[in-house]
Amino acid sequence: FPSHDKAATSGTVVQGFFFNNTLLSSFTSLGISTTATQSLDSFSTSTYRSARYFVQIVQGNNIQVSELSVFHDDTTSYISEYGISYNNGQLGSFDTQLVSPNVTLLWNANSSTAHIIKVSRMAITR
């Protein structure tokens, strides 16, 4: 059945599907044309302990895809990026922050050339 969660540079609510102990959701960012840190997604620390992301960044003909594992211990959030693939160099880097009551996925672009980010998240409950 449909569910929602918070997300994205657009500040919209992301529709998702919840089953058993897992929420699947996704979004597409608005065009990003800055190197300033962007908040891509957030999830509730009281509902979810961990999330796995598959991310696609497209900047003209430049493409990067990455997988991210994120979790928290109620005090600090942790991130591991792996499966990084690109055709013309990495387009930026990811980080997280825990500011109660949410963990936020952050993006730092390497250039201010316009790009679009698509994110799929699988979050697992506490």
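Residues are numbered from 1 along each chain as its sequence is written. In this predicted model, local features need pLDDT of at least 70 and side-chain atom pairs count only at pLDDT 80 or more, while totals for chains, interfaces and linings use all residues, and side-chain values use heavy atoms, without hydrogens and water.

The chain has ten strands and zero helices. Of the 126 residues, 38% are buried. Buried means under 20% relative accessible area, exposed over 50%, and partly exposed in between (1.4 Å probe, protein chains only). The chain exposes about 6,500 Å², with 52% of it from carbon and sulfur atoms. Such areas come from the Shrake-Rupley method with a 1.4 Å probe; for residues, only the protein chains shown count as cover.

Contacts come next (heavy atoms within 4.5 Å). Among those between residues at least 6 apart in sequence, 57% join residues at least 24 apart.

The largest nonpolar core has 22 residues. Such a core is a set of buried Ala, Val, Leu, Ile, Met, Phe, Trp, Tyr and Cys residues joined through side-chain atoms within 4.5 Å. L40, Y53, V55, F94, W107 and I117 touch the most other members. At least two residues each come from β3 (22-28), β4 (38-44), β5 (48-59), β6 (62-72), β8 (92-99), β9 (102-109) and β10 (116-125). β5 gives the largest share, five residues. Look at I117: leaving aside residues up to four places away in sequence, I117 touches F27, T28, S29, I32, L40, V55, Q56, I57 and W107.

The structure holds four salt bridges. Each needs a side-chain nitrogen of Lys or Arg within 4 Å of a carboxyl oxygen of Asp or Glu. E67 pairs with R52, with the closest N and O atoms 2.6 Å apart. E67 lies in strand β6 and R52 in strand β5, 15 residues apart. Both are partly exposed, E67 at 23% relative accessible area and R52 at 39%.

D74 bridges to R126, at 2.8 Å between the closest N and O atoms. This pair spans 52 residues, from the loop between β6 and β7 to the segment after β10. D74 also bridges to R49, at 3.7 Å. R49 sits in strand β5, 25 residues from D74. D74 is partly exposed at 42%, R49 at 27% and R126 at 46%.

Conventions: Helix = DSSP H or I, 4+ residues; strand = E, 2+ residues; numbered from the N terminus.
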